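Work through the exercises below with the model open beside you. Try each task before reading its solution.

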Amino acid sequence: MLYSVAAAVLSLALAPVYDGLERKIRAAIHTRIGPPILQTWYDILKLFTKEIVVPVGGAWYTLVTALELLALIASSAILYHISSYGLGHATLLESVAFIVLTSVVATLAIVRAVSQNNVFSVVGGFREFSLMLSAEPFLAVSFLLLASGAGSLASKSIATAVLAVSSYVISGRVPYDIAEAEPELASGVNIELAGPLLGLATISSVLKKLVSATLTALALISFVGLSGLSSLTAVVIATPVVWLVHTVVSTILGRSRVDLAIRFLYVLLFFLSSALVLSFGLGL
Amino acid sequence: MLEVSSVNIAKALRAIKKSVWVYHLNSGSCNACDIEVLDALTPYFDVERFGIKLVGSPRHADVILFTGPVTRESLPKVVKTIKAMPRPRLILVLGSCGIGGGIWWDTYSTLGGFKKLEEILRENGVEVDRVVYVPGCPVRPEAIIYGMLLLLGLVEQKSKRVEVVASEG
Ligand code: SF4
């Protein structure tokens with residue numbers, strides 16, 4: 001338990017550094033120098049020194065932003081707790097709690113977006129909703145299957161592939177970043193946030209990437225059959241490696257069309273899920 | 001209504017030196033300066049190495065990249081956009097038009113540059129914490145980057161201001 005808490009705290013502190021590393025690697029792929037590795041920390045610290053402009057909605061709005069961050073911290077803490085004995089041995093309560101928390105994070109982001117008096121934010125909220133609908137059910141089913149420890153090696157491998165793809169989508173990377181889009185789409189769910197409130201939302205987006213990378217790392221490490229401290233250490237080490245893979249994928253997909261990306265996602269997840277059902281049905 | 005808190009400007013200005021989020025605001029330029037702004041933000045110039053990032057909302061911005069002579073049509077939107085920025089508000093005024101109206105300095109349909117806009121902002125209670133002017137028609141990308149570093153206090157100004165009074169006769 002103590003080690004799980006230590007691993008969670010260490011990863012939460014390192015997540016912005018991993019994000020800085022992501023920006024540095026993306027710059028290297030573009031053959032440019034890129035920002036310092038601590039850039040995401042600099043961004044967050046800067047936002048906390050700026051003026052607080054509370055958008056229309058006031059205290060209620062601030063509460064939703066803070067709750068979203070808390071739900072993300074709790075879901076990463078659960079993942080590190082499960083890591084200390086392997087994904088296949090997670091209890092039903094822990095698995096369900098994790099799934100509920102990830103849905104809560106997406107729902108709070110939507111609530112925050114639509115409660116603003118800004119049409120771009122509401123549009124961003126609907127984009128977040130459509131992403132949630134396309135990835136969350138697949139994430140939940142594959143996670144619960146892997147956590148139950150049931151199934152053969154083939155079915156576990158397919159479930160891991162479904163989990164890896166859907167966790168990439170929830171990380172909010174290109175081309176699945178349409179909820180908060182980039183400047184060319186005039187921004188999205190965070191458009192009205194400024195200063196420290198935007199700082200909280202920035203930490204949340206970094207933690208989404210952490211949860212996504214940890215989830216895939218956890219599923220992959222469960223194949224090795226480690227347990228206890230060695231499993232936890234392996235997950236902590238594998239997380240930045242998965243993060244690196246996500247970075248390379250997002251840089252390669254940088255110019256893909258958003259509508260095609262969503263259609264491709266449906267086809268891929270439908271194909272993988274059919275293979276999963278078949279492998280379970282045939283007992284492969 | 002928005003509630004706004006007080007802010008430690010000196011502390012925020014120190015933090016902005018390492019992380020500069022810019023918002024591009026066109027107040028009615030001919031678009032040549034805007035193309036140069038986009039040029040300065042391309043991977044070729046790699047401004048991300050200074051922590052500079054383009055954002056899509058004035059609420060996220062630390063610096064406004066300001067172009068154009070401020071047309072009468074754009075004036076209310078320009079004031080609203082600058083007001084939407086959380087303090088400290090830094091503005092990098094780009095091109096001859098932004099500085100003094102350029103070739104439209106005395107036309108009926110423009111304000112004639114940022115100096116006149118500054119007065120209107122003051123009348124509306126919108127405080128601007130720092131302004132740097134970058135001349136050029138259009139302004140060069142290298143000059144934009146240099147102006148940005150000057151605005152952040154990372155380089156010294158090379159040229160000196162000399163006031164000249166024209167003598168009659
Ligand atoms: S300064 Fe020159 S290039 Fe820039 S907007 Fe004005 S006329 Fe166009």
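**Exercise 1. Find a salt bridge between Glu192(A) and Arg59(B), and give its N to O distance.**

Solution. Start with the ground rules. This is a predicted model, where local features need pLDDT of at least 70, side-chain atom pairs count only at pLDDT 80 or more, and totals for chains, interfaces and linings use all residues. Residues are numbered from 1 along each chain as its sequence is written, chains are lettered from A and ligands numbered from 1 in the order written, and side-chain values use heavy atoms, with hydrogens and water left out.

Step 1. Apply the criterion: a side-chain nitrogen of Lys or Arg within 4 Å of a carboxyl oxygen of Asp or Glu.
Step 2. Glu192(A) and Arg59(B) pass, at 2.9 Å from N to O.
Step 3. Count between the chains: chain A and chain B share 6 salt bridges. Over all chains the count is 18.

**Exercise 2. Describe the interface between chain A and chain B: how many residues are in contact, and how much area is buried?**

Solution. Step 1. Count contacts (heavy atoms within 4.5 Å). 29 residues of chain A touch 30 residues of chain B.
Step 1. Take the buried area, which is the accessible area (1.4 Å probe) that two parts lose on being put together, summed over both. Chains A and B bury about 2600 Å² between them, with 56% of it on carbon and sulfur atoms.
Step 2. Find the main contributors. Lys46(A), Lys50(A) and Glu51(A) supply 25% of the area that chain A buries against chain B, more than any other three residues.
Step 3. Count polar contacts. Each is a pair of N or O atoms within 3.5 Å; within protein, one must be able to donate a hydrogen and the other to accept it, and residues adjacent in sequence count only if both atoms are side-chain atoms. The two chains have 17 residue pairs in polar contact, both residues at pLDDT 80 or more.
Step 4. Assign elements, using DSSP runs numbered from the N terminus: helices (H or I, at least four residues) and strands (E, at least two). Helix H2 (39-49) and strand S1 (53-54) of chain A each give two or more residues to the side that touches chain B. The largest share, 6 residues, comes from H2(A).
Step 5. Sort chain A's side by class: 16 nonpolar, 5 polar and 8 charged residues. Here Ala, Val, Leu, Ile, Met, Phe, Trp, Tyr, Cys and Pro count as nonpolar, Asp, Glu, Lys and Arg as charged, and the others, Gly among them, as polar.

**Exercise 3. Why does the pair Arg23(A) and Glu48(B) join two chains?**

Solution. Step 1. Check the distance. The closest N and O atoms of Arg23(A) and Glu48(B) are 3.2 Å apart, in a salt bridge.
Step 1. Arg23(A) lies in helix H1 (residues 2-29) of chain A and Glu48(B) in the loop between H2 and S3 of chain B, so the pair joins two chains.
Step 2. Check burial: buried means under 20% relative accessible area, exposed over 50%, partly exposed in between (1.4 Å probe, protein chains only). Arg23(A) is buried at 9%. Glu48(B) is buried at 15%.

**Exercise 4. Which helices of chain A hold Lys208(A) and Glu128(A)?**

Solution. Step 1. The side chains of Lys208(A) and Glu128(A) form a salt bridge, 4.0 Å from N to O.
Step 1. Lys208(A) sits in helix H7 and Glu128(A) in helix H5 (residues 119-148), so the pair ties together parts 80 residues apart in sequence.
Step 2. Look at H7(A) as a whole. Of its 27 residues, 24 are buried.

**Exercise 5. Which bonds join Arg87(B) to Pro88(B) and Cys137(B) to Pro138(B)?**

Solution. Step 1. A cis peptide bond joins Arg87(B) and Pro88(B), with omega about 0 degrees. Pro88(B) is in the loop between helix H3 (75-84) and strand S5 (90-94) of chain B.
Step 1. Another cis peptide bond joins Cys137(B) and Pro138(B), with omega about -5 degrees. Pro138(B) is in the loop between strand S6 (130-134) and helix H6 (141-152) of chain B.

**Exercise 6. Is Val70(B) buried or exposed?**

Solution. Step 1. Val70(B) has a positive phi of about 65 degrees, although it is not a glycine.
Step 1. Val70(B) lies in the loop between S4 and H3 of chain B.
Step 2. Its relative accessibility is 0%, so Val70(B) counts as buried.
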